[in-house]
Amino acid sequence: MTLPGGRPGITKTHSTPPSPASSGKQSLTHQFHKHRKLLFKARMTKFDISNPETSSDTFRGFYTLFWIVMAIYIIQSGIRCYEQEGVILSLGFFRLFSKDGLTLLISDITMVATTITSVLFSKLLVWGIIPYEPVGVILQHVCQTVFLFLNIYWIFWRDWPWVQSGFFTLHTIVMMMKMHSYTSLNGELSIKYRRLKYLKEHVPEWIAEHKQEDEKIHQQLRELENEMIFLEDELVHGKTRFPDNVTLLNYLDYLLVPTLVYALEYPRTERIRPWYVLEKSLATLGSFLLLYVTTERYILPKLYDPDMSDLRVIVELLFPFMINYLFIFYIIFECILNAFAELSRFADRNFYDDWWNSVSYDEFARKWNKPVHQWLLRHVYAQSMEQYKLSKFNATFITFLFSSCLHELVLVIVTRRVRMYLFFMQMLQLPLIVLGQQAFIKHHSTTGNVLWWLGMFIGLPLLAILYCREAFWSDAIFGVGNQT
């Protein structure tokens, strides 16, 4: 059996014509969207020193210079701290984020372990005990919502300081995203799997009932054959076929792989390089030391000072906040994700693109956090257009709205206050995106890049003023009593 005219396009649907003589409980008529398979391929991050492209880059010397300057920065900060306090490194911030550390570790392990229920849920879908649409979809969203808010309740019940609260909230959201991607893909494939199984059982009976020579019958038969080929193609990714992937081992591997989008198969490296894992581990510790010193010496004292005006605080925090932003980016996307990628032999390490060259906020959103961008693209943006028939603009609005709500949720939990500043600032990016698409910006990329960087420099300390100063002065979760 062949598929005349080629297989259906990525945005088209695949269906068979009405068949009044179908047998069994289902109709032989059905309609499916072709699954959008995210392209994973072997790639390396841009700051990875083992990347052949990086080693030949003409600006590689500036990368070396940056770390030399940071080493001098640490030495100078240590000298000043010793002169002022009699110690090389103050431990006030350490005492804050190490508080209740064992409970946080046990809570985090327990939270991750509870996501294993996604495997059982997917098994029930495969076995046909639960139909994915609509019962499975409703159960999926209800369970994930309960998962999120139970963990949020635990944060409030433990009354963790802001560092622990922020970490546990972010990790909970990451696990929720992973669960959603896993159960969504398996749910969609379970429908196609059961449909293919039904066709294999009933098409022979249908053929036996329609032996007469008739062009309409031949057309219907070709459509049924084409649908079966289409479904077979949808259920296979690489060498893996659904539902062979629905196993505990496969899910544990997915938890270790540094991506939020589930796929039946990922590109893999040949082996794990222990020296590479050691290098990224040491880089994480060194970068965190820089982050710690900057926070302890140059950020917290300014935020705690009630005698300093808000405008002066913004000016004082412009450089420290940008430095910390770069450190956090480097620790997460260059060190931690690469280390997990090496341990899981995950070959696609395109965790970020050249976001520092952005000329608009939509370009920045696409480039700086590729794992989250890919998740939003598949499960919010594309799904809202395919299932709810939204326009591209409305789908973009929904995606920004969802992202803004999650960001604001993190700050609500960290500060224990509902202020909505970040929410409105993120939604303000929509008209700025439209502005960035104007010809003046497109034809003057340097101007767009300068305006974008100015927004980044001012936005970070401004958010600190709006969210943190009031909370720092009044709440024990920020460790005010521990500061000298």
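Author: Let me begin with what counts as a helix or a strand: helices are DSSP runs of H or I with at least four residues, and strands are runs of E with at least two. In this predicted model, residues 421-438 are 83% helix and 0% strand, and the end C-alpha atoms of that span lie 27 Å apart.

Reader: What makes residues 421-438 a "transmembrane region"?

Author: That name comes from the UniProt record, an unreviewed entry, which places the feature at residues 421-438 and at other spans, including 313-333, 393-414 and 450-468. Such annotations may be inferred rather than shown by experiment. For residues 450-468, the model gives 100% helix and 0% strand, with the end C-alpha atoms 27 Å apart.

Reader: How many helices and strands are there in the chain?

Author: The chain has 18 helices and four strands.

Reader: Which residue does UniProt list for "active site", and why is H407 called partly exposed?

Author: The unreviewed UniProt entry lists H407, a residue of helix α14, which covers residues 392-415. Its relative accessible area is 40%, and partly exposed is the class between under 20% for buried and over 50% for exposed, so H407 is partly exposed. Leaving out residues up to four places away in sequence, H407 touches L422 and Q426.

Reader: Why does D362 count as buried?

Author: D362, in helix α12 (residues 361-367), has a relative accessibility of 18%, and the buried class takes in values under 20%; therefore D362 counts as buried. Beyond its neighbours within four places in sequence, D362 is in contact with I433 and Q437. Across the 484 residues of the chain, 45% count as buried.

Reader: Why is K389 called exposed, and what is its phi?

Author: The relative accessibility of K389 is 61%, and exposed means over 50%, so K389 counts as exposed. K389 lies in the loop between α13 (370-388) and α14, and its phi is near 60°, a positive value in a residue other than glycine. R416, in the loop between α14 and α15 (421-427), also has a phi near 60°.

Reader: What makes the nonpolar surface patch, and how does L256 qualify for it?

Author: The patch, of about 520 Å², is made by L256, I272, I328, I332, I336, F340 and L343, and helix α11 (residues 310-344) gives the most to it, with five residues. Patch residues need over 30% relative accessible area, and L256, in helix α9 (residues 248-256), has 32%, so L256 passes that cut-off while counting as partly exposed.

Reader: Which peptide bonds are called cis, and what are their omega values?

Author: The bond from E133 to P134 is cis, with omega near 0°, and P134 lies in helix α6 (residues 132-158). The bond from F242 to P243 is also cis, with omega near 10°; P243 lies in the loop between β4 (240-241) and α9.

Reader: What is the average pLDDT of the chain, and where is pLDDT under 50?

Author: The chain averages a pLDDT of 84, and 88% of the residues score at least 70. Over residues 1-25, however, the pLDDT is below 50, although this stretch has 61 contacts in the model beyond near neighbours in sequence. Residues 480-484 likewise stay under 50, with eight contacts beyond four places in sequence.

Conventions
Residues numbered from 1 in each chain as written. Predicted model: local features only at pLDDT ≥ 70, side-chain atom pairs only at ≥ 80, totals over all residues. Heavy atoms only, no water. Buried < 20%, exposed > 50% of the residue type's maximum accessible area, 1.4 Å probe, protein only. Contact = heavy atoms within 4.5 Å. pLDDT = per-residue confidence, 0-100. Patch = residues over 30% accessible without salt bridge, like charges linked within 9 Å, V, L, I, M, F, W, Y side chains within 5 Å. Areas by Shrake-Rupley, 256 points an atom, 1.4 Å probe, with all protein chains shown as cover. Salt bridge = Lys/Arg side-chain N within 4 Å of Asp/Glu carboxyl O.
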